[in-house]
Amino acid sequence: MFGPLICKPKSSKNNKTGSWRTELRPKYLQKNCIACNMCVLVCPEACIEGSGKNTYNCNLDYCKGCGLCAVICPKQDIIMVKEEEKKE
Ligand code: SF4
Ligand code: SF4
């Protein structure tokens, strides 16, 4: 039995999974971040980037609001907020 076939490599970038979010999205406070990179490692969408303390953020076009980054952050520097606050 065959698994799924990838006909066009890198085509997953066309699937903007951010539309999967329903109620909550992460908010990166950028106040107590120690650049441990745990949020990057745990994100199933690989949509978080950062290059030093208090620089981390996610691409909401791909974030599906699972909340794993907020749970794993050792400094509680990521919180989940209601989707309406997106346009802050
Ligand atoms: S909520 Fe989930 S998908 Fe969104 S940035 Fe955090 S870990 Fe990634
Ligand atoms: S998990 Fe928290 S402390 Fe670690 S890099 Fe991400 S935002 Fe910063």
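Residues are classed here as nonpolar (Ala, Val, Leu, Ile, Met, Phe, Trp, Tyr, Cys and Pro), charged (Asp, Glu, Lys and Arg) or polar (the others, Gly among them). The structure is a predicted model, in which local features need pLDDT of at least 70 and side-chain atom pairs count only at pLDDT 80 or more, while totals for chains, interfaces and linings use all residues. Residues are numbered from 1 along each chain as its sequence is written, chains are lettered from A and ligands numbered from 1 in the order in which they are written, and side-chain values use heavy atoms, with hydrogens and water left out.

The structure holds 2 cavities of 30 Å³ or more. A cavity is a set of points, on a 1 Å grid over the protein atoms alone, where a 1.4 Å probe fits but cannot get out, and its lining residues have an atom within 4 Å of a point. Grid points are joined across faces, edges and corners, and a volume is the space filled by probe spheres set on the points.

The largest cavity has a volume of about 130 Å³. Its lining comprises 15 residues, with Cys33, Cys39, Tyr56, Cys73 and Ile78 nearest the centre; by class, 11 are nonpolar, 2 polar and 2 charged.

Of its 15 lining residues, Cys43, Cys47, Cys63, Cys66 and Cys69 are the closest to the centre. Two or more lining residues come from each of β1 (24-28) and α2 (68-72), where helices (H or I, at least four residues) and strands (E, at least two) are DSSP runs numbered from the N terminus. The lining contains 11 nonpolar, 2 polar and 2 charged residues. Ligand 1 sits in this second largest cavity. It is surrounded by 13 residues, the closest being Cys43, Cys63, Cys66, Gly67 and Cys69, and its shell has 10 nonpolar, 2 polar and 1 charged.

The structure holds 0 disulfides, a disulfide being a pair of cysteine sulfur atoms within 2.5 Å. For Cys58, the closest cysteine sulfur, in Cys63, is 4.4 Å away and therefore too far for a bond. Cys58 counts as buried because its relative accessibility is 12%, and Cys33 counts as buried at 15%; buried means under 20% relative accessible area, exposed over 50% and partly exposed in between (1.4 Å probe, protein chains only).

How values were computed:
1 Å grid on protein atoms, 1.4 Å probe; cavity = no way out; pocket = protein on both sides within 12 Å on 5 of 7 lines; lining within 4 Å. Near = heavy atom within 4 Å. Sits in = over half its atoms within 2 Å of the grid points.
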